[in-house]
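Here is a short briefing on one protein chain. Look at the sequence and the 3D structure, then work through the topics one by one.

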Amino acid sequence: MIRARRCQASLLLLISLLAACGARHAAKVITPAPSCPPVASCLIKHIVFIVKENHSFDNLFARFPGADGARDAREGRRRVALGLMPDHIPTDINHTSADAAFAVHGGRMNRFYRLPGAVENGRDYADATYGPGTIPNYWRYARTFTLADRFFSTINGPSFPNHLVTIAAGSATVRDNPGGGNLPRTDFAWGCDSPATWLVTVGFGSHARSVYPCFNLATLGDEADRAGVSWRYYAGQRGTTGYIWAAFDAIKHIRFGKDWARSDIPDGRFVSDVAHGQLAALTWLTTDLTQSEHPPASECVGENWTVRQINAIMRSPFWRSTAIVLTWDDFGGFYDHVAPPVVSPISDGPRVPAIIISPYARPHYVDHTFYDFASILRFAEDVFHLGRLGRGDRAARSLAHAFDFRQRPLLPLPLRERRCAPYTLRIPG
């Protein structure tokens, strides 16, 4: 009852503000961030968090107008022009925590080209970027809605610890993938279903130790349960490469508890669920290697998968009450010129792209606010009146600044999938 009255009051305030500033609407009046969450609680009913794989900001948007991009890359003491990326590259580029620290080089950002896999057949793929002709739909989203160019991967390392942050804000100071290396060839599980010999390093310095990757971290799912807020996690299924990105597999009380049913939903069901009127208040959406954009997978195939998911929302009644956050989990070995802030010995990592897609996203806007993955959790906590999980989300800046809840709601932008050139995907290892 109290929450309903708050929403009614916020909506009345919103109506009066719209009436007062109607004549000034073309001037793009921006709601200050502190006043966003109460109105957001009434306007945003669904948050969809789409997590793709392994691309830095400069790798996708170095040449985006108005963004802090780059035309060249630092290679040691010299500068070289950023090359143009093909649809897919021959192999994965190493991006463990040691590789990330090596490439970042204390903020010099000048050793990406020396990572294993960066140069293949004499071509430097690490210091290269996609253009709007190669990933046109991602550029359409970025041009139409909000592109964040100060969005950093939380952990200076690979997928596993960063995916943990997307559900738990903290990551138990995990800095690498279970079992070592980047992408496994077999036993596709990073969590409580990992082989017994697969360990992961937690902590740093003299406190570092190797443990089995099955934790009891408090998650946003737990907070949602306590508040009666619905949630779902879509991912590749066990036995497929995508299962390594099923982050809740690493949370013991969820993997072996009643919430596992909502944490292990095949990603292929998402479009059908939305079409049949099913969309949780909180949704995480990941996919299998083939569609994830994780090298050496095709960028065209991965972009098409993303377009299908977003089209499903845009063509449904859910569009008018949804905020979609599209981002990539880590830098993947690709160059970025902006030195990440030093928050701890393992964070932050290089910038990754983030596009905020919603009727209330600021249109045609590049957001220079500092964010990381915990910023999405902080925004969700504010919208759904959830508690804080720990230092990670308490310290994070909410994504609220990327929204303007006074603007005329933006229309949906369903896009056409592209025809992709055939290729053979070989799992590296």
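Predicted model: local features only at pLDDT ≥ 70, side-chain atom pairs only at ≥ 80, totals over all residues.

The average pLDDT of the chain is 90. The largest pocket has a volume of about 700 Å³. An open sheet of 8 strands is also present.

**Confidence**

- Start with the scores: 90% of the residues reach a pLDDT of at least 70.
- Residues 1–36 form a stretch with pLDDT below 50.
- Beyond near neighbours in sequence, that stretch makes 36 contacts in the model.

**The sheet**

- The sheet is open, and its 8 strands follow the order E13-E12-E14-E1-E15-E16-E8-E17.
- The pairing in this sheet is mixed.
- Which strands lie at the edges? They are E13 (265–266) and E17, and each pairs on one side only.
- In general, strands of a sheet pair through backbone hydrogen bonds, and they do this either parallel or antiparallel.
- Strand E1 (residues 46–52) and E15 run parallel, joined by 7 bridges.
- Find Ile 47 and look across: Ala 323 in E15 stands opposite.

**The largest pocket**

- The volume of the largest pocket is about 700 Å³.
- Its lining has 31 residues, and the closest to the centre are Ala 169, Gly 170, Val 343, Arg 391 and Gly 392.
- Four elements are listed as giving two or more residues to this lining: H6, strand E18 (371–372), helix H13 (373–383) and helix H14 (391–395).
- Which element gives the most? H14 does, with 4 residues.
- By class, the lining of the largest pocket holds 17 nonpolar, 9 polar and 5 charged residues.

**The second largest pocket**

- The second largest pocket has a volume of about 250 Å³.
- It is lined by 15 residues, and Ala 101, Asn 156, Pro 345, Ile 346 and Ser 347 are the closest to its centre.
- This lining divides into 7 nonpolar, 6 polar and 2 charged residues.

**Cis peptide bonds**

- Pro 295 and Pro 296 are joined by a cis peptide bond, with omega about 10 degrees.
- Pro 296 sits in the loop between helix H11 (289–292) and helix H12 (299–314).
- Another cis peptide bond links Ser 347 to Asp 348, with omega about 0 degrees.
- Asp 348 belongs to the loop between strand E15 (322–328) and strand E16 (354–357).

**Positive phi values**

- Ala 169 is not a glycine, yet its phi is positive, near 70 degrees.
- Where is Ala 169? The loop between helix H6 (159–168) and strand E10 (200–202) holds this residue.
- Is Ala 169 buried or exposed? Its relative accessibility is 6%, so Ala 169 counts as buried; the cut-off for buried is under 20%.
- Ala 169 is also one of the residues closest to the centre of the largest pocket.
- His 364 has a positive phi too, near 50 degrees.
- His 364 lies in the loop between E16 and strand E17 (365–367).
- His 364 has 61% relative accessibility, so His 364 counts as exposed; the cut-off for exposed is over 50%.

Definitions and conventions
Residues numbered from 1 in each chain as written. Heavy atoms only, no water. Buried < 20%, exposed > 50% of the residue type's maximum accessible area, 1.4 Å probe, protein only. 1 Å grid on protein atoms, 1.4 Å probe; cavity = no way out; pocket = protein on both sides within 12 Å on 5 of 7 lines; lining within 4 Å. Points joined across faces, edges and corners; volume = space filled by probe spheres on them. Nonpolar A, V, L, I, M, F, W, Y, C, P; charged D, E, K, R; others polar. pLDDT = per-residue confidence, 0-100. Contact = heavy atoms within 4.5 Å. Pairing = 2+ DSSP bridges.
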